[in-house]
Amino acid sequence: MNAPFKTPAPSADPTEAPLWDLTDLYASRDDARIASDLEAARAVVDRMNGLQGRMLAERADPAALGATLNQAISLYEQASDRLGALGAYAFLAASTARDDAGAQGFEADLRQKTTAIATPTVWLTLEINALDEAEIEAALAADAGAANWRPWLRRVRAMKPHELSQELETFIAEKLPIASQWPRLFDETLAALRVESGKDKLTLAEALNQLSDPKAARRRSAAEGLNTALAARTSTLALVMNTVAADKAMEDRWRGFKRPADSRHLANEVDGESVDAMAEAVAAAYAKLSHRYYALKAKALGKARLDQWDRNAPLETTAPRGFDWTQGRELVLESFGDLGGDFAERAGRFFDKPWIDGRARAGKQSGAYAHPVTADRHPYVFLNWMGERRDVLTLAHELGHGVHQTLAAEKGTLLADTPLTLAETASIFAEGLTFDRLLASAPKSEQRGLLAGRIEDGLNTVVRQIAFHRFETRFHDERARGEVSADRLGELWLEEMGASLGPAVTLNPGYDAWWSYVSHFVHSPFYVYAYAFGDLLVAALMETRRKDPDGFTPLYRDLLAGGGTRTYVEALEPFGLNPRDPAFWTIGTERLERLIDQFEALG
């Protein structure tokens with residue numbers, strides 16, 4: 001028998017962050033339903049594979065082709081639901097137990113088993129893309145069920161120029177569990193990391209949180225401890241980065257992608273030129289955003305320059321307002337209530353049900369996420385609650401994802417899947433609403449500090465993520481010419497962070513190792529620009545809401561409920577917004593600049 005996952009006992013204290021209960025998925029990794037669901041998924045895949053070749057045989061008969069398309073894709077979704085729930089359970093349980101070898105082994109083994117079942121389905125998209133556009137259009141016109149899959153087919157057809165033979169697609173799918181061991185090594189390395197800060201030994205999440213401590217000595221101690229802890233691991237983490245990038249480059253080369261980010265752009269349904277334009281617009285605004293703000297903050301703290309560990313320092317040396325779990329919950333739910341509709345009710349379910357794991361503890365990986373699982377299940381939210389203002393905003397952010405996922409679930413798993421260009425919309429919007437409530441309810445003495453925090457969150461989401469994107473782009477470009485050393489990674493990091501932070505921030509010795517804890521570089525290459533994309537997009541939406549709050553809510557709900565059925569351009573049309581217009585991106589940077597104006601005026 002396998003040992004159970006090491007999970008702390010739930011607390012009866014409502015002010016303490018909760019633990020989730022994964023038994024809605026499976027009772028334990030010994031649950032007999034795991035084996036039965038694997039077999040059920042295999043049976044669905046076998047039924048689907050019995051249709052192989054029929055679409056090409058029926059290409060001259062629109063009605064028959066439409067019926068087969070509908071049947072094949074429906075079976076594919078059923079298999080995805082079974083396998084997705086299995087994979088989600090293994091990942092969710094392992095993410096709270098990165099120090100448990102049994103949990104990590106179970107996740108890896110289950111990934112291998114689900115991949116073996118799913119791999120024989122690679123024929124489906126290949127056969128769909130072997131059809132002519134006119135043949136598909138005729139089939140969709142002839143069969144209403146098939147027509148329902150049009151948005152999913154749009155994404156499948158977009159991949160047509162980059163698809164390989166069935167043998168190569170099968171090979172790539174079969175080696176995925178092996179390639180996934182590199183991100184696993186990354187996660188386990190960082191989960192085991194302990195940061196010496198004074199007499200304390202901190203986890204990565206605790207050390208990063210201490211960088212916001214009111215006391216400069218504690219911030220410096222955490223930063224210097226992080227310098228030492230990360231530097232000791234950069235050779236391993238650089239190897240992981242290089243291997244992930246080389247593996248991606250090889251597949252990109254076979255698929256005919258010209259630039260390392262192109263596959264991500266395709267998945268996001270956005271052209272690379274638009275992303276480049278956004279990144280250039282943000283970089284061009286560094287001086288009037290981050291450079292200007294950090295100079296103002298240095299002055300407010302009585303310094304000529306900020307040390308890098310002072311970027312997120314509170315302005316006051318007294319302890320900032322803390323929040324217990326109950327207070328955080330109330331603030332976030334009230335913020336969702338401000339939006340109207342059923343948003344607060346949907347967010348409330350995550351608290352009423354054990355769908356949130358918020359308690360920070362040893363072995364739990366750092367960071368936060370909302371996992372959608374599958375459309376026929378429910379999402380789960382993961383974060384490391386420390387009781388800080390930023391934790392309240394993180395809770396709002398992840399619940400925004402969760403509410404988005406529950407709304408889109410009505411479309412089914414395949415159609416609910418949202419490109420990254422829209423995936424951050426609800427999360428950043430919820431974060432903004434929560435901040436507005438925090439600011440409105442704060443005493444005047446706290447308002448300047450809160451405003452500083454909001455500006456810093458904006459800089460971290462827009463400026464910092466674009467700096468991450470530029471660092472990542474340069475790394476992949478250099479990796480194409482050969483392995484990039486940990487020292488060179490540090491040089492690239494310092495160059496891009498220095499450019500984004502500006503002359504008012506000192507990049508202290510040891511900061512060159514801090515690239516090594518950014519998980520997106522390993523788990524989801526070129527993900528990071530989506531945060532900036534989403535923040536700037538949300539700024540435009542919030543300006544729209546400000547003009548007509550009542551008219552905005554139903555349009556916004558419809559946008560989220562649409563999941564991945566519309567491109568981001570189509571989704572923004574009802575609001576009268578055009579993201580193809582360069583002026584669209586300046587709405588967000590100008591909004592952030594106004595906040596800095598307000599901060600300067602309060603000084």
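Which backbone oxygen does the side chain of arginine 264 reach? The legends below, for a predicted model, begin with this residue.

**View 1. Arginine 264 and the backbone oxygen of proline 525.** Arginine 264 belongs to helix H14, which spans residues 262-268. Its side chain reaches the backbone oxygen of proline 525 at a distance of 3.1 Å.

View 2. Leaving aside residues up to four places away in sequence, arginine 264 touches Leu420, Ser524, Pro525, Phe526, Tyr527 and Tyr529.

View 3. Strand E6 comprises residues 380-385; six of the six are buried, so the strand is largely enclosed by the rest of the structure. Tyr380, Phe382 and Asn384 point one way from E6, while Val381, Leu383 and Trp385 point the other way. In a regular strand, side chains alternate between the two faces of the sheet.

**View 4. The pairing of strand E6 with E4 and E5.** Strand E4 (residues 356-359) runs parallel to E6 and is joined to it by three bridges. Strand E5 (residues 369-371) is also joined to E6 by three bridges, but these two strands run antiparallel. Valine 381 of E6 is the bridge partner of isoleucine 356 and also of alanine 370.

Note on methods: Residues numbered from 1 in each chain as written. Predicted model: local features only at pLDDT ≥ 70, side-chain atom pairs only at ≥ 80, totals over all residues. Heavy atoms only, no water. Buried < 20%, exposed > 50% of the residue type's maximum accessible area, 1.4 Å probe, protein only. Helix = DSSP H or I, 4+ residues; strand = E, 2+ residues; numbered from the N terminus. Pairing = 2+ DSSP bridges. Polar contact = N/O pair within 3.5 Å; in protein donor to acceptor, adjacent residues only side chain to side chain. Contact = heavy atoms within 4.5 Å.
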